[in-house]
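Here are my notes on the model, point by point. Please keep the coordinates open while reading.

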Amino acid sequence: MTQLARFQKRIHSMIPLSEALGVELLSYDGHALLVRAPLEPNHNHQGTGFGGSVYSVAVISAWGLVELVLADLGLAGNVVIQVGEIEHIEPVDGDFYALCRLPGGEIPDRFRKSLARHGKGRLSLIAEVYCGEPSREPVSEPVAVFQGRFVVQGAHSRAVI
């Protein structure tokens, strides 16, 4: 089982809403996490994406990115969202996906150093939501943009099995 498949199973277990939303983790390359969800269980009374579902999928992409980055650093910790907001630009009229990238494509030095020194850190992320076929290089404009700050507490070395 791949790292992403194990992580998806863990998310569905820890956050049951993610399974109800139909969230599927598609790819992670150490710099970005791509997550998709079908419109069917996530639509509102107008047949477009329910705002809460769109927000949740965006948060899962950003929170998941932080969790995976910690794992890449050989760490585990408690990751929570501190602040988050979303701008809905266009209606979500089909299956959709969220793409969250590390700022500048790299783990910020300040975040890395704070984890090493204090066992905690903050990371601000942007997740863009798109409709259509998932891509790490979207050709259209996002239909929603999430901005959030995530806090890691109690970071410690992850036991290797």
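1. Gly-94 first. This residue sits in the loop between β3 (75-88) and β4 (96-101). Helices and strands here are DSSP runs (H or I, at least four residues, for helices; E, at least two, for strands), numbered from the N terminus.

2. Is Gly-94 buried or exposed? Gly-94 is buried, because its relative accessible area is 17%. Buried means under 20% relative accessible area, exposed over 50%, and partly exposed in between, with a 1.4 Å probe and protein chains only.

3. Which residues does Gly-94 touch, not counting those up to four places away in sequence? Leu-39 and Cys-131. Contact means heavy atoms within 4.5 Å. By contrast, the C-alpha atoms of Gly-94 and Asp-72 are separated by 33 Å, and these two residues are 22 apart along the chain.

4. A word on provenance. The model is predicted: local features need pLDDT of at least 70, side-chain atom pairs count only at pLDDT 80 or more, and totals for chains, interfaces and linings use all residues. Residues are numbered from 1 along each chain as its sequence is written, and side-chain values use heavy atoms, with hydrogens and water left out.

5. The fold. The chain holds four helices and six strands. Their order along the sequence is α-α-β-β-α-β-β-α-β-β. The radius of gyration is 15 Å, close to the 15 Å from the globule rule for 161 residues, so the chain is as compact as a globular protein of that length. That radius is taken over C-alpha atoms, and the rule is 2.2 Å times the number of residues to the power 0.38. The C-alpha trace spans about 50 × 30 × 25 Å along its principal axes.

6. Packing. Of the 161 residues, 44% are buried. Take the contacts between residues at least 6 apart in sequence: 74% of them join residues at least 24 apart.

7. The main core. The largest nonpolar core has 43 residues; among those touching the most other members are Val-57, Leu-65, Phe-150 and Val-152. Helix α3 (residues 51-72) gives the most to this core, with twelve residues. A nonpolar core is a set of buried Ala, Val, Leu, Ile, Met, Phe, Trp, Tyr and Cys residues joined through side-chain atoms within 4.5 Å.

8. Val-152 in detail. Leaving aside neighbours within four places in sequence, its contacts include Val-66, Leu-70, Phe-111 and Leu-115. A second, separate core of five residues includes Ala-32, Leu-34, Leu-99 and Tyr-130.
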